[in-house]
Amino acid sequence: MTTPLERFYAVIPAGGIGSRLWPLSRADAPKFLHDLTGSGSTLLRATWDRLAPIAGDQRIMVVTGRAHRAAVEQQLPDLADANVVLESEPRDSTAAIGLAAAILVRREPDVIVGSFAADHVIRGDRLFRAAVAQAVTAAEERYIVTIGIQPTEPAIGFGYIKSARDLGIRGAEGVMLVDSFVEKPDLATAKRYVSSGEHLWNAGMFISRADVLLEEIGRQKPELLAGLLELAEVWDDPAARGPVVDRVWPALEKIAIDYSVAEPAAAAGRMAVVPAHFDWDDVGDFASLAKLNSGGRKSDLAILGENARVLSDASSGIVVSQTGRVISLIGVQDIVVVDTPDALLVTTSANAQRVKSVVDALKLSGRDDVL
């Protein structure tokens with residue numbers, strides 16, 4: 001049996017509006033509430049199952065939208081009520097993770113928090129635990145620690161981490177000081193980073209002492225920190241919480257933690273990275289979903305859906321079916337077909353990143369009924 005790490009508390013930000021995997025994923029059923037691997041578990045449940053042995057099931061906090069509370073609690077029956085943090089509206093990752101840290105540090109002043117997205121796929125639980133354990137050891141030395149992934153292509157949707165030197169921390173051998181952190185560079189820069197062999201992808205996992213994380217937010221965004229501390233002060237008093245949330249939360253600055261914390265902390269020499277040795281995928285679009293479900297073989301056709309009825313001849317890509325309708329593909333390569341009762345998407349793997357623009361267009365045209 002695995003012994004949970006001392007002082008460690010896992011935080012799962014479970015947000016999103018379902019724009020990159022529309023129409024499979026919707027505002028009321030974002031990516032983390034779907035089984036995208038055929039495992040029988042949603043991505044959220046798989047994240048919980050991966051973290052529970054590391055933190056203990058009473059030391060996992062989930063930050064999610066009010067609209068998703070029932071679905072989250074149904075997926076995670078062991079989630080303690082005090083560890084459900086509800087957002088009245090999305091304010092991005094600094095607010096979500098920062099509020100969790102501010103609440104937890106009031107409960108436990110020396111707590112180390114680790115933030116892990118609810119909608120990523122990770123394979124290799126033993127290697128994942130080893131990486132988190134190293135990160136926690138480095139966090140005890142007051143570093144903000146991330147876990148870096150070896151790049152496989154010059155993707156522009158990820159941040160890139162360049163490491164400087166081994167920190168020589170006992171029990172965290174191989175943890176590197178971060179030289180620079182660049183969030184979502186342009187394609188030319190990404191190609192240069194990958195070809196150099198000196199950069200890792202940012203996987204959105206951050207491990208830090210809660211007080212150190214809050215200090216960093218305060219250095220860059222003092223007004224945002226003040227709001228988070230005001231919220232945390234009343235959070236465990238349900239009678240006082242509501243009015244303060246209604247007043248403070250909507251006014252918080254909307255900014256990703258990559259910009260508010262990671263980039264400036266790296267520039268100041270306060271950030272470290274653990275190179276990952278496990279398999280990781282953020283399932284960022286239908287092209288990555290196809291790759292994930294076909295074992296990386298581009299010649300294969302991945303099919304998702306309990307009652308999918310697909311006929312294929314010399315075709316590749318992915319079909320996601322929620323209707324039971326017969327879908328026939330003849331001689332088409334790298335195709336993406338997503339068939340739901342009220343919306344149909346047809347595109348190609350090369351254009352999969354453009355799905356978000358369809359969602360934006362539907363918003364502008366007032367077609368909220370399919371979002």
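A salt bridge is a side-chain nitrogen of Lys or Arg within 4 Å of a carboxyl oxygen of Asp or Glu. In this predicted model, Asp339 and Arg325 form such a pair, with their closest N and O atoms 2.8 Å apart. The pair links distant parts of the chain, 14 residues apart. Asp339 sits in strand E16 (residues 335-339), while Arg325 lies in the loop between strand E14 (317-321) and strand E15 (326-330). Asp339 has a relative accessibility of 2%, so Asp339 counts as buried. Arg325, at 48%, is partly exposed.

The count of salt bridges comes to 22. Another of them joins Glu230 to Arg247, and here the closest N and O atoms are 2.5 Å apart. Glu230 belongs to helix H7 (residues 222-235) and Arg247 to helix H8 (residues 238-248), so this pair ties together parts that are 17 residues apart in sequence. Glu230 is partly exposed, with a relative accessibility of 31%. Arg91 pairs with Glu89, at a distance of 3.4 Å between the closest N and O atoms. Arg91 is buried, at 13% relative accessible area. Glu89 is partly exposed, at 31%. A network of salt bridges links Arg7, Asp110 and Glu140.

The nonpolar interior comes next. In soluble globular proteins, nonpolar side chains tend to be buried together. In this model, the largest nonpolar core has 54 residues. Phe8 and Phe278 have the most contacts inside this core. Helix H4 (residues 125-139) supplies the largest share of the core, with 7 residues. A second core is separate and has 49 residues, among them Val63, Ile217, Ile257 and Ala262.

Which residues does Phe8 contact, leaving aside its neighbours within four places in sequence? Its partners are Ile54, Ala55, Arg59, Ile112, Val113, Gly114, Phe116, Val132 and Val136.

Helix H6 (residues 210-220) has buried residues at Ala210, Val212, Leu213, Leu214, Glu216, Ile217 and Gly218. Ile217 is also one of the residues in the second core. The cover over the buried residues of H6 includes helices and strands. Among the helices are H3 (92-107), H7 and H9 (257-267). The strands include E4 (112-115), E6 (144-149) and E9 (199-209).

Empty space was examined as well. Rolling a probe the size of a water molecule over the atoms shows where such space is left. A search of the whole structure finds 1 cavity of 30 Å³ or more. The largest cavity has a volume of about 50 Å³. Its lining consists of Thr47, Arg50, Leu51, Phe116, Ala117, His120, Ile122, Phe128 and Met205. By class, these are 6 nonpolar, 2 polar and 1 charged. Helix H1 (residues 43-55) gives the most to this lining, with 3 residues. Phe116, part of the cavity lining, is also in contact with Phe8.

The second largest pocket has a volume of about 270 Å³. Leu24, His34, Asp35, Leu36, Gly38, Leu304, Gly305, Glu306, Val320, Ser321 and Gln322 line this pocket. The lining has 4 nonpolar, 5 polar and 2 charged residues.

Helix H1 also holds Arg45. Leaving aside neighbours within four places in sequence, Arg45 is in contact with Gln75, Leu76 and Pro77. Arg45 and Arg192 are 147 residues apart along the chain, and their C-alpha atoms are separated by 37 Å.

Some features of the backbone deserve a note. Most residues other than glycine have a negative phi, and most peptide bonds are trans. The peptide bond from Trp22 to Pro23 is cis, with omega near 5°. Pro23 lies in the loop between strand E1 (8-14) and H1. Asp92 is not a glycine, yet its phi is positive, at about 75°. Asp92 is found in helix H3 and is partly exposed, at 36% relative accessibility. Lys184 likewise has a positive phi, near 45°. Lys184 lies in the loop between strand E8 (176-182) and helix H5 (187-196). With a relative accessibility of 47%, Lys184 counts as partly exposed.

Methods:
Residues numbered from 1 in each chain as written. Predicted model: local features only at pLDDT ≥ 70, side-chain atom pairs only at ≥ 80, totals over all residues. Heavy atoms only, no water. 1 Å grid on protein atoms, 1.4 Å probe; cavity = no way out; pocket = protein on both sides within 12 Å on 5 of 7 lines; lining within 4 Å. Points joined across faces, edges and corners; volume = space filled by probe spheres on them. Nonpolar A, V, L, I, M, F, W, Y, C, P; charged D, E, K, R; others polar. Buried < 20%, exposed > 50% of the residue type's maximum accessible area, 1.4 Å probe, protein only. Helix = DSSP H or I, 4+ residues; strand = E, 2+ residues; numbered from the N terminus. Core = buried A, V, L, I, M, F, W, Y, C linked by side-chain atoms within 4.5 Å. Contact = heavy atoms within 4.5 Å.
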